[in-house]
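This briefing goes through one protein model by topic. It begins with an annotated position and then turns to the fold, the core and some individual residues.

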Amino acid sequence: MSLKCLCCFSKEKEQRHRRNVDDKKNIRDYPWERYTLKELLRATNNFHQDNKIGEGGFGSVYWGRTSKGVEIAVKRLKTMTAKAEMEFAVEVEVLGRVRHKNLLGLRGFYAGGEERLIVYDYMPNHSLLTHLHGQLASDCLLDWPKRMNITIGAAEGLEYLHHEANPHIIHRDIKASNVLLDTEFEAKVADFGFAKLIPEGVSHLTTRVKGTLGYLAPEYAMWGKVSESCDVYSFGILLLEIISAKKPIEKLPGGIKRDIVQWVTPYVQKGVFKHIADPKLKGNFDLEQLKSVIMIAMRCTDSSPDKRPSMEEVVEWLKDGVLKRKKDIPNLSNKGNEENDENYEEFVTMQSNNLKILSDNDGRKMR
Ligand SMILES: Nc1ncnc2c1ncn2[C@@H]1O[C@H](COP(=O)(O)OP(=O)(O)OP(=O)(O)O)[C@@H](O)[C@H]1O
Ligand SMILES: [Mg+2]
């Protein structure tokens with residue numbers, strides 16, 4: 001798709017299109033805005049270093065405030081190679097199509113000369129990455145109920161991309177920095193720059209590997225096989241990361257790398273789930289919810305893509321494991337966080353079988 005085509009849309013056409021794709025789940029509806037370069041330069045103080053939020057694979061993100069006083073995040077793509085132009089066009093096209101409460105919507109863009117700028121809502125609570133491993137991690141703003149809510153929200157965003165967006169969308173870069181948090185700590189899945197639109201009836205696309213190390217499904221890392229189940233795998237890694245605040249890949253003394261599934265496996269086999277929880281929670285978590293999330297994560301990270309659940313199933317299981325439980329337990333506390341042999345015995349047996357297959361898998365060793 002060329003950028004020319006995008007520019008040919010009239011504003012009215014865009015709005016009509018947006019109304020058509022809207023559904024009851026969508027909560028906000030603003031049309032694409034064509035920002036002027038002048039406006040975005042003013043908003044970001046000429047892309048001043050102090051305004052810079054961070055840098056990713058495709059460029060830098062800047063905080064800004066428009067003349068109307070609205071806080072925005074502007075992604076400035078690095079270089080305008082033909083490839084980057086394609087990525088830009090893909091992102092704008094994809095974002096233009098999707099609206100969901102758990103997806104970061106596009107506010108607008110600027111395309112002119114060498115500049116390609118994408119404008120998003122600014123997310124005041126940053127990303128999961130900052131809370132789990134970054135500057136905000138020590139404050140532990142992310143208590144257990146927030147973490148559980150984020151897992152469901154992010155899962156619903158991904159479920160929408162996989163099952164409701166038309167055509168279906170594979171994200172391909174699910175990771176902590178791409179899950180942003182709004183004022184209410186609701187998850188907003190961001191960055192569809194990697195996504196490709198999947199035509200109906202095509203189960204997977206073979207393509208070159210993108211994404212981020214540590215989150216890549218083995219079949220994607222090895223053979224570049226892309227399907228929704230690659231996102232499910234990455235989501236499983238993210239689940240483990242959310243509850244443990246461990247990084248997807250850890251460097252052990254001696255330079256050996258260990259991934260989060262390898263780390264969690266012995267605990268699961270021994271049934272000592274509480275050791276998996278982030279120590280910063282100081283025991284303030286619900287053990288049954290923790291077990292449910294771990295069980296779901298282990299299913300998501302099955303080495304065989306066919307055995308992984310769909311995001312529809314993941315959402316259902318998470319809601320079962322988390323929301324029902326929330327009703328049962330009005331107050332979360334570390335009371336009752338005793339391990340219960342009977343409850344997890346069956347689960348452990350099931351997981352041990354899965355894990356045996358996992359540990360035999362070359363894809364894991366590769367990472
Ligand atoms: N709308 C936003 N509001 C607040 N922070 C944002 C927003 N968009 C991005 N960020 C943050 O800015 C930083 C850079 O984002 P960017 O997407 O460029 O890189 P990344 O997510 O680390 O990697 P990738 O390029 O693979 O997405 C990240 O920490 C991200 O969480
Ligand atoms: Mg990102």
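At which residue does UniProt place the feature "binding site"? The record, an unreviewed entry, puts it at K75. The model is a predicted one, with a mean pLDDT of 78 for the protein.

**The annotated residue**
- K75 is part of strand β4, which covers residues 71–77.
- Is K75 buried or exposed? K75 is buried, because 22 other C-beta atoms lie within 10 Å and the cut-off for burial is 20 or more.
- When neighbours within four places in sequence are left aside, the contacts of K75 are G59, V61, L117 and I118.

**Confidence**
- A pLDDT of 70 or more is reached by 70% of the residues.
- Residues 1–30 stay under 50 in pLDDT, and the model gives this stretch 29 contacts beyond four places in sequence.
- Residues 340–367 also stay under 50, with 36 contacts beyond four places in sequence.

**Overall make-up**
- The protein contains 13 helices and 14 strands.
- It has 367 residues, of which 40% count as buried.
- Taking contacts between residues at least 6 apart in sequence, 67% join residues at least 24 apart.

**Helix α8 and what follows it**
- Helix α8 runs over residues 228–244. Its 17 residues should span 24 Å at 1.5 Å a residue, and the end C-alpha atoms are 25 Å apart, which agrees.
- How many residues of α8 are buried? The count is 17 of the 17, so α8 is largely enclosed by the rest of the structure.
- Just after α8, A245 has a positive phi of about 60 degrees.
- P248 sits in the loop that links α8 to β13 (249–251). P248 counts as buried because it has 21 C-beta neighbours inside 10 Å, against a cut-off of 20 or more.
- P248 and I260 are 12 residues apart in sequence, and their C-alpha atoms are 4.9 Å apart in space.
- Not counting residues up to four places away in sequence, P248 touches G214, Y215, I237, E241, D259 and I260.

**The largest nonpolar core**
- This core has 80 residues. Those with the most contacts inside it are F109, F235, L239, L290, I294 and V314.
- Which element gives the largest share of this core? It is α8, with 10 residues.
- Domain 1 (37–121) and domain 2 (128–360) both give residues to the core, so the core lies between them.
- F235 is in contact with A155, L158, I174, C300 and V314, leaving aside neighbours within four places in sequence.

**Helix α10**
- Helix α10 covers residues 287–300. Its 14 residues should span 20 Å at 1.5 Å a residue, and its end C-alpha atoms are 20 Å apart, which agrees.
- α10 is mostly covered, with 13 of its 14 residues buried.

- I170 lies in strand β7, made up of residues 169–170. With 24 other C-beta atoms within 10 Å, I170 is buried.
- How many residues apart along the chain are I170 and S227? They are 57 residues apart, and their C-alpha atoms are separated by 6.9 Å.
- R172 is in the loop between β7 and β8 (179–181). R172 counts as buried because it has 23 C-beta neighbours inside 10 Å.

**Positive phi values**
- Most residues other than glycine have a negative phi.
- R172 has a positive phi, near 75 degrees.
- N45 also has a positive phi, near 55 degrees. N45 is in the loop between α3 (37–43) and β2 (52–55).
- N45 is partly exposed, with 14 other C-beta atoms within 10 Å.

Key:
Residues numbered from 1 in each chain as written. Chains lettered and ligands numbered in written order. Predicted model: local features only at pLDDT ≥ 70, side-chain atom pairs only at ≥ 80, totals over all residues. Helix = DSSP H or I, 4+ residues; strand = E, 2+ residues; numbered from the N terminus. Expected span 1.5 Å × (residues − 1). Buried ≥ 20, exposed ≤ 12 C-beta atoms within 10 Å, placed from the backbone. UniProt positions renumbered as here; feature names shortened; annotations may be inferred. Contact = placed C-beta atoms within 7 Å. pLDDT = per-residue confidence, 0-100. Core = buried A, V, L, I, M, F, W, Y, C linked by C-beta atoms within 7 Å. Domains from an automatic or database assignment.
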